[in-house]
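Dear colleague,

Please find below the sequence and structure that I am handing over to you. An account of what was found follows directly after them.

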Amino acid sequence: MGGGERTSMGALVPTVKSEPVNAGETSTPAAVAAAVVEEETAAVMEAVQEEVPVEKKEEEEEEVDKDILCPICMQIIKDAFLTACGHSFCYMCIVTHLQNKSDCPCCSHYLTTNHIYPNFLLNKLLMKRSARQMAKSATPVEQLRQAIQQGCEVSVKELDSLLSLLMDKKRKMEQEEAETNLQILLEFLHCLRKQKVEELNEIQNDLQYIKEDITAVEKRRIELYRTRGRYSAKMRTLVDDSSAMTVRPPLRDKGSGAIVYSSVNSQEQGRAGTSQTRNTDARAPGNSQIVQRKDENHGGSDSQDPNQPGKAIARKKRVHAQFNELQDCYLQKRRYWARQSQKQGERVANLMNREGYSAGLEDFQSVLSTFTRYSRLRVVAEIRHSDLFHSANIVSSIEFDRDDELFATAGVSRRIKVFEFSSVVNEPADVQCPVVEMSTRSKLSCLSWNKYIKNYLASSDYEGIVTVWDVTTRQSVMEYEEHEKRAWSVDFCRTEPSMLVSGSDDCKVKVWCTKQEASVLTIDMKANICSVKYNPGSSAHIAVGSADHHIHYYDLRNISQPLHIFSGHRKAVSYVKFLSNNELASASTDSTLRLWDVKENVPLRTFKGHTNEKNFVGLTVNSEYLACGSETNELFVYHKAISKPAARHRFVSDDQNDPDGDMGSFFISAVCWKLDSPTIVTANSQGTIKALVLAA
C-alpha cells in the first residue's frame, strides 16, 4: 500500500514525529514499521539515558505510564504488536478487535492481521522497566538473589565473607527472637501468677467467710438445742406438777382399814375426757376451714412442719439439684456485703443480727429458705373463660385490685370480667360467673387497677384508646383517644393515683391525669412501645419496654433523654415490672427474663428455661419471685436470686380436636401474683384461667 501522502498519527510510547516521505519514493508496510520502531527506540533510549531531577523524572515516568498503555484495554501493553500505521497494542487486544472490524482503533486506517508485527524492542523496554520497578521495591536479599541468579561473578573469598556475615546475622536474629519469646513467656507467667494469686486470695476469703458462717450456724444450732432442752424439761415439770395436783390424797376405810381411792376423781376425769372429745369434734369443721384457708395462702397440705424428716430430705434434694446456682448466690451476697463493710467501716463489718449471723449470711439464708420451700405449683381453682358469642378466648391481662379481693381479666373477647377471688377458690364450679362484666368496642391488651381508689380500673385496647372505668357503676370515667395505633400497655401510678401512663405502636409514651381530658406529657421514641410501668416508689420515674430491644428508664421531669438505657435483650422487650423501688424485671421474645438495678444501672441476673419467641406470654413479680408464661403452654416461676426455674405447671389441653394434648398451638397469655403470697392466677390462649399455689 502506497502511503506516501499519509503521515503518522503518533505513537503511544514517547511521542514520535514522522518525517515526510519523498513523493517519488514508495514504501512497504514493513519499511514503515521498521522506521517507526527505530524512531520510538531512539526516543525511549534518549529519555532513559538523560539525567534529570527527581521530580522531572517522576513526571516523565507518569507520561511514560500513559504512553505505554494499550489504547484498547487501557492497561500496560503485554506482548506488544505494531500496526502499519504506527500504533502499538496488546496482541490479544488488536487481534480481537480485527476479528470484528478492519480498521485501526486509533486512526481508523484500514487494517488486517497481515498488517501487524511484533514490536520486539518495545517488549524489551517494557521488561526492563518492569525489572527496574521490581528492583526498586525488592529487599536487599531479593536483589542479591537476583544478582546471583543473573550470573553475577563473585569470588570464593567474597562468598566466604558474605556467608560469615550472613551466619553472624542469623545468630543475632535467633538470639533476639529467643529473647523476645522468653520475654513474652515471662510476662505470661507473671500475669498467670497474678491471676492465680488473686483467685487464691478470693478463695481464701471465701473459705474464711464459710468458716465464719459455719461457726455462726453451729453456735445457733447449739442455742436452739439448749432452748429446746430447757423447754422440754419445763414441760415435763409442768406435767408432773399438774398430775400431782389432780390426784387427791387416798382415804382409809374405817371398817377394813384398807386404802381406798376416791372414785369421784376418776369419774370427773372421764367426764372431762368425754367433754374434751366432744369439743374437739365440734371444732373439727372450723379447724378444717382454717386448714383450707392456710392451704390457699401457704401451699395447703404441702406446708407441713419444716422439721419433719420427709420435707427436710426433699429440701436437701432441691439444694443439691441447684447447688451451683446456690453457691454463686451465696458467694455473690457474701462478697457484696464484705465490700460494703469495707466501704462503711468496721461498724457494719461487726454488725450481726439477733441470731449472730452476718448480713451476707442472713441475706442468703432468706434466699435458701424461700427457694427450697417450694418445688411445684398446685391447682386450687379453675375457670373456663368461655364465651358463647366469641370463639376467641385469649386472655391478654389479669390484675388484682388494691386489696387482692377481686381480679379482673380482659382479652380479645372485648369484655372486662371481674371475679371475686375467695368465691373462685372456695366455691368451685364448672363455669364461674363474674361479679362485674363490662363490654368494650375493641380487643383489650392491658389492665391496671388504681391502688388508691379501689373501684377504678384502666384499660388499653387495639384501637389505641385508654379508658378509665368505674367498676361499681360499670361505666367509663374517662376515655383518651390520642394514640394513633394500638396501645399495648397502661399503668396507674401508686404514689399519685390520679396519674397513669400508656404506650403504643405509634412509638409514643403518654402520661395522663384523670382530672384532665388530654395527655399531660408525651415522649416520642423511635420504636414501638410494648410495655410501660411506674416505679412503685416514685411518680416521676417510669420504665419503658421497646421493640428496639432496650429498656428506657425515664425521669418525667426531664424527658429529653432517658436516665438509663438497659441493653442485653436480643429481641423486643414485651414486659417491664418492678419488684421494688430499685429492682426491675423485663421479659423479651428472646426467651429470657432479666433483672436490673435501676439505681446502680447494672444488670443483676438472666433467667432462662421458658420459651417465648413471638407472643405476649405475661410477666408478674412480687418481692421474691418472678413468673411468666411460655409458648409450650406452661407457667414458669423463678426465684429472683436463681437463674433456673423453681417451679413450673403445664396446662392440659381440653380441645376435642387435639386428643393427643399437643401444646404447640397454645401458650400462656397472662399471669398475676396475689400480692406477696404464693398464689398466682394465670390464663392461656384457650381462655382457661387457673389459680395455683406454690407447694413443697
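Four strands form an open sheet in the order β15-β16-β17-β18, with antiparallel pairing; two strands count as paired if DSSP finds at least two bridges between them. Its edge strands, each pairing on one side only, are β15 (487-492) and β18 (521-524). From one strand to the next the twist averages 15°, where axes are lines fitted to C-alpha atoms, for helices over the stretch in contact, and angles run from 0 to 180 degrees between N-to-C directions. Helices (H or I, at least four residues) and strands (E, at least two) are DSSP runs, numbered from the N terminus.

Please note that this is a predicted model, in which local features need pLDDT of at least 70 and side-chain atom pairs count only at pLDDT 80 or more, while totals for chains, interfaces and linings use all residues. Residues are numbered from 1 along each chain as its sequence is written, and side-chain values use heavy atoms, with hydrogens and water left out.

Within the sheet, five bridges hold β15 and strand β16 (residues 499-504) in antiparallel pairing. D491 stands opposite V501 in β16.

A second pairing involves strand β23 (residues 573-578), which is largely enclosed by the rest of the structure because six of its six residues are buried. Buried means under 20% relative accessible area, exposed over 50%, and partly exposed in between (1.4 Å probe, protein chains only). β23 runs antiparallel to strand β24 (residues 583-588), to which five bridges join it. The two strands are connected by a hairpin of four residues, and F578 stands opposite L584 in β24.

Turning to charged side chains, the count of salt bridges comes to 24; a salt bridge is a side-chain nitrogen of Lys or Arg within 4 Å of a carboxyl oxygen of Asp or Glu. One of them joins E212 and R334 (3.3 Å, N to O). Because E212 lies in helix α6 (residues 156-246) and R334 in helix α9 (residues 323-344), this pair ties together parts that are 122 residues apart in sequence. E212 counts as partly exposed, at 38% relative accessibility, whereas R334 counts as buried, at 6%.

Another salt bridge is formed by E405 and K454 (3.4 Å, N to O). It links distant parts of the chain, 49 residues apart: E405 is in the loop between β7 (395-400) and β8 (406-411), and K454 is in the loop between β11 (444-449) and β12 (456-461). E405 is partly exposed, with a relative accessible area of 44%, and K454 is partly exposed at 24%.

D555 and R557 also meet in a salt bridge (2.9 Å, N to O). D555 is buried, at 12% relative accessible area, whereas R557 is exposed, at 64%. Elsewhere, salt bridges that share partners join D401, R402, D403, E405 and K454 into one network.

Finally, I draw your attention to helix α8. In α8, K311, R315 and R318 are buried. They lie on the same side of α8, because they cover an arc of only 55° around the axis, the arc being that of the directions from the helix axis to the C-beta atoms. P309, G310, K316, K317 and H320, on the other side of α8, are exposed. The buried residues of α8 pack against α11 (359-373), contact meaning heavy atoms within 4.5 Å.

With kind regards
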